[in-house]
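Hello,

Here is the structure I promised to pass on. Please open it alongside this message; my notes follow below.

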Amino acid sequence: MLLDGKVAVVTGAGSGVGRASALRFAAEGARVVCADISLDGAEETVREIEKLERPDGPGGPSGAAARAVAVRCDVSVEADVAGALEHAAERFGTLDIVFNNAGVPTPRLGAKLEDHSVEDFDRLVAVNLRGVFLGSKHAVLRFKRQGGGGVILNTGSVAGIVAWGGSVYGATKGGVHQLTRAVAIEGAPFGIRANAICPAGMPYTGFMTAGGMGSDEETTAALARQTGANHPLGRPITAEDCAEAAVFLVSDRAANITGVLLPVDGGYLAR
Ligand SMILES: NC(=O)c1ccc[n+]([C@@H]2O[C@H](COP(=O)([O-])OP(=O)(O)OC[C@H]3O[C@@H](n4cnc5c(N)ncnc54)[C@H](O)[C@@H]3O)[C@@H](O)[C@H]2O)c1
């Protein structure tokens with residue numbers, strides 16, 4: 001049990017990487033606040049967590065205690081983010097892990113820099129960068145108040161390292177990466193670690209639909225072939241691939257790892 005007794009907040013937990021990670025964290029013994037702008041999505045994740053086999057069996061000491069709760073949270077709104085973290089501490093007694101994962105894609109598939117309106121730019125920055133800033137800020141404030149350190153994990157992207165997936169989108173992810181490194185250095189004296197996962201193409205999450213792609217079987221299969229062909233290992237990245245990297249980085253097994261941007265990309269960046 002890698003996360004036994006830990007309390008985590010996961011943003012964007014209503015779908016994709018956030019849902020897979022919330023499930024994985026809970027399976028490793030964590031209690032999880034599933035935060036998402038879509039309360040329906042977050043509640044569905046909580047239902048899936050409650051279906052997981054309990055580590056100590058149905059009659060074990062954890063009994064009927066909830067392992068997860070859903071909260072509606074827009075990560076671009078400071079009060080929502082502070083509230084979600086507060087909720088974790090109130091409900092479960094402490095806060096150990098904040099996974100700032102929520103993000104939105106380039107608004108129209110294939111949009112070039114000059115196709116972005118100021119509104120497009122502001123929305124990408126508000127969710128992808130301000131959201132991570134707010135989650136990190138309130139995590140650091142709480143971890144310092146509590147004492148004993150804490151863990152921040154952010155979802156970046158290969159698009160923050162090379163030009164892929166949209167210019168403005170990539171710029172927000174580059175910002176996430178730099179914020180991660182800076183928080184890692186500032187937080188180190190307080191036992192606060194900060195890392196990021198940097199996924200490549202994930203055709204099976206809700207992201208492509210959010211980016212204007214269809215979600216029908218044919219479109220998804222075509223996209224999976226295309227993204228798979230871009231990755232030296234030959235297959236697309238899944239939310240579960242990211243959840244595996246996430247659970248390691250937030251666990252004590254990574255106790256001496258901070259400031260790392262970990263590609264989950266099937267070798268894409270190594271080419
Ligand atoms: N799918 C990809 O190809 C890909 C590649 C690299 C990085 N990423 C990153 O992975 C992360 C997760 O994406 P995913 O693929 O699981 O997508 P997804 O669309 O399946 O999940 C994103 C979740 O974030 C939520 N969300 C959107 N705006 C929000 C807001 N303002 N506040 C709170 N929640 C909000 C959505 O409701 C959704 O549940 C994102 O940060 C994304 O940028 C995705």
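Gly 191 is partly exposed, because its relative accessible area is 44%, and the cut-offs for that class are 20% and 50%. Bear in mind that this is a predicted model. Gly 191 sits in the loop between helix H5 and strand E6 (192-199). Setting aside neighbours within four places in sequence, Gly 191 is in contact with Gly 149 and Gly 150. Asn 256 is 65 residues away from Gly 191 in sequence, yet their C-alpha atoms are 9.9 Å apart.

- Asp 74: an N or O atom of its side chain is 2.9 Å from a nitrogen atom of the ligand.
- Val 75: a backbone N or O atom is 3.0 Å from a ligand nitrogen atom.
- Asn 101: a polar backbone atom is 2.8 Å from an oxygen atom of the ligand.

Taken alone, the ligand exposes 830 Å². The protein buries 94% of that area.

Asp 74 also has a partner within the protein. Its side chain makes a polar contact of 2.8 Å with the side chain of Ser 76. Ser 76 lies in the loop between strand E3 (68-72) and helix H3 (78-92). Is Ser 76 buried or exposed? Its relative accessible area is 14%, so Ser 76 counts as buried; the limit is under 20%. Beyond its neighbours within four places in sequence, Ser 76 is in contact with Ala 126, Val 127, Arg 130 and Leu 134.

Asn 128 is another buried polar residue, because its relative accessibility is 0%. Asn 128 lies in helix H4 (residues 118-146). Its side chain joins that of Thr 172 in a polar contact of 3.3 Å. Not counting residues up to four places away in sequence, Asn 128 touches Gly 103, Val 104, Tyr 169, Thr 172, Lys 173 and Val 176.

Last, the cores. In soluble globular proteins, nonpolar side chains tend to be buried together. The largest nonpolar core here has 36 residues. Phe 25, Val 32, Cys 34, Phe 99 and Ile 197 touch the most other members. Elements that each supply at least two residues include strand E1 (7-11), helix H1 (16-27), strand E2 (31-36) and helix H8 (239-250). H8 gives the most, with 8 residues.

Take Cys 34 as one example. Leaving out neighbours within four places in sequence, its contacts include Val 10, Ala 22, Val 46, Ile 49 and Val 71. Another core, of 31 residues, lies apart from the largest one. Among its members are Ala 102, Val 104, Val 140 and Tyr 169.

Best wishes

How values were computed:
Residues numbered from 1 in each chain as written. Predicted model: local features only at pLDDT ≥ 70, side-chain atom pairs only at ≥ 80, totals over all residues. Heavy atoms only, no water. Core = buried A, V, L, I, M, F, W, Y, C linked by side-chain atoms within 4.5 Å. Buried < 20%, exposed > 50% of the residue type's maximum accessible area, 1.4 Å probe, protein only. Helix = DSSP H or I, 4+ residues; strand = E, 2+ residues; numbered from the N terminus. Contact = heavy atoms within 4.5 Å. Polar contact = N/O pair within 3.5 Å; in protein donor to acceptor, adjacent residues only side chain to side chain. Areas by Shrake-Rupley, 256 points an atom, 1.4 Å probe, with all protein chains shown as cover.
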